[in-house]
Amino acid sequence: MEEKLTDILNRAQNELKTISSKEQLVEFKVKFLGKQGELTSVLRGMRDVAPEDRPKIGAMINELREKIENAYAEKEEYFNKLELEKELAKGAIDITEPGKNHERGALHPTTKMFNKMMDICVAMGFKVVEGPEIELDYYNFEGLNIPKNHPSRDMQDTFFITENILLRSQTSSVQVRSMETLKPPFKIISPGRVYRNDSDATHSPVFHQLEALVVDKNVSMADLKAMLTDIMKKIFGEETTIRFRPSFFPFTEPSVEVDVSCPTCNGKGCKVCKGTGFLELLGAGIVNPKVLEMSGINSKEYRGFAFGFGVDRFAMVYDGITDLRNMFKNDIRFLKQIK
Ligand code: DAH
């Protein structure tokens, strides 16, 4: 028996030496260690060994199995390593290959203008309030003193979902929502997206506004003008001046349109301002007492003023962008040109 075991070990060791592939290694495992393998048949032969010799022979067989298994594992590791090296060599870094370019994005000019405006207003004590883009007719029109079928609705034709639900045409809708829920005095701004049934070289069916509303005792047109002057100077620079022109909005009385001195030529007159030195940039006014009352604010005690910026238009003026369509293409080459 001992001779037989030594013979198996010798043959196993010799065979391992000649093995040159993983397939051969598998065959080796089957032959020596497998269920029908040589070691198993030796174990079966234990039946014929005298009982007193069995422990000794058993120990020898175990030792043999261990030796063969170790030798096998060593060889297997050798082949695995070889395979890994081959794989690595295949996938080695090709230094002639052009690098992968990770494009960095850029903030949209409208986003940057929103941030600028909000920073300025928040520093002045305004609270930011947002409202839904899908809005009830009441908040977009009726609560702002624009009854159904009123001709002033023509100024803001929008997209209706049902008779009473629409895509808001102005962030002034948030004024009504705020007046209903906040206790005066308060100062709110409301940034957001608005929609109109309008599309040409200077109009987009979707654009952005920032609405501001101040409700307090004794506020006047002078407060409105002082605050707007301050904000415009902070956006466009200390040189900036503003002027009021009488206008009409159903929710403000009196209403004004606000012109800002052209930041490109500092009011001297250039191509951007068509030689006038001013740009028409926003609407504003003293909140119509009727609007305050409809939302449950006592107009004998409180007054309000409000203004609404077209944020895309501000961004275009600020960044010297002339074509509105560029604002909605999201072409990274365009966005990157904007400082
Ligand atoms: N909502 C107006 C528009 O979209 C702009 C506006 C005018 C807002 C006067 C105001 C305001 O708050 O007082 O044309």
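Biologist: Ser169: buried or exposed?

Modeller: Start with the scale: buried means under 20% relative accessible area, exposed over 50%, and partly exposed in between, using a 1.4 Å probe and protein chains only. Ser169 has a relative accessible area of 0%, so it counts as buried. One caution: this is a predicted model, so local features need pLDDT of at least 70 and side-chain atom pairs count only at pLDDT 80 or more, while totals for chains, interfaces and linings use all residues. Residues are numbered from 1 along each chain as its sequence is written, and side-chain values use heavy atoms, with hydrogens and water left out.

Biologist: Where does Ser169 lie, and what does Ser169 touch?

Modeller: Helices (H or I, at least four residues) and strands (E, at least two) are DSSP runs, numbered from the N terminus. Ser169 is in the loop between β3 (165–167) and α7. Contact means heavy atoms within 4.5 Å. Leaving aside residues up to four places away in sequence, Ser169 touches Asn140, Phe141, Gln156, Thr158, Val194, Tyr195, Arg196 and Gln209.

Biologist: Now the ligand. How many residues surround the ligand, and which are the closest?

Modeller: A residue is near a molecule if one of its heavy atoms lies within 4 Å of it; the rule for a strand is no different. Here 16 residues surround the ligand, and the closest are Gln170, Ser172, Arg196, Gln209 and Glu211. β5, β8 and β9 each supply at least two residues of that shell.

Biologist: How many Å² of accessible area does the ligand have on its own, and what percentage does the protein cover?

Modeller: Areas come from the Shrake-Rupley method with a 1.4 Å probe; for residues, only the protein chains shown count as cover. On its own the ligand has 360 Å² of accessible area, and the protein covers 92% of that.

Biologist: What about cores: which residues touch the most other members in the largest nonpolar core?

Modeller: A nonpolar core is a set of buried Ala, Val, Leu, Ile, Met, Phe, Trp, Tyr and Cys residues joined through side-chain atoms within 4.5 Å. The largest has 45 residues, and Leu228, Ile231, Met232, Leu282, Phe307, Phe309 and Phe314 touch the most other members. Helix α8 gives the most to this core, seven residues. A second, separate core has 21 residues, including Met179 and Tyr302.

Biologist: And the backbone: which residues does a cis peptide bond join?

Modeller: Most residues other than glycine have a negative phi, and most peptide bonds are trans. In this model, Pro184 and Pro185 are joined by a cis bond with omega about 0°. Another cis bond runs from Glu253 to Pro254, with omega near -5°, and Pro254 is in strand β7.

Biologist: What is the phi of Asn218?

Modeller: Asn218 has a positive phi of about 60°, although it is not a glycine. Asn218 is in the loop between β5 and α8 and, at 64% relative accessibility, counts as exposed. Lys274 also has a positive phi, about 55°. Lys274 sits in the loop between β7 and β8 and is exposed at 74%.
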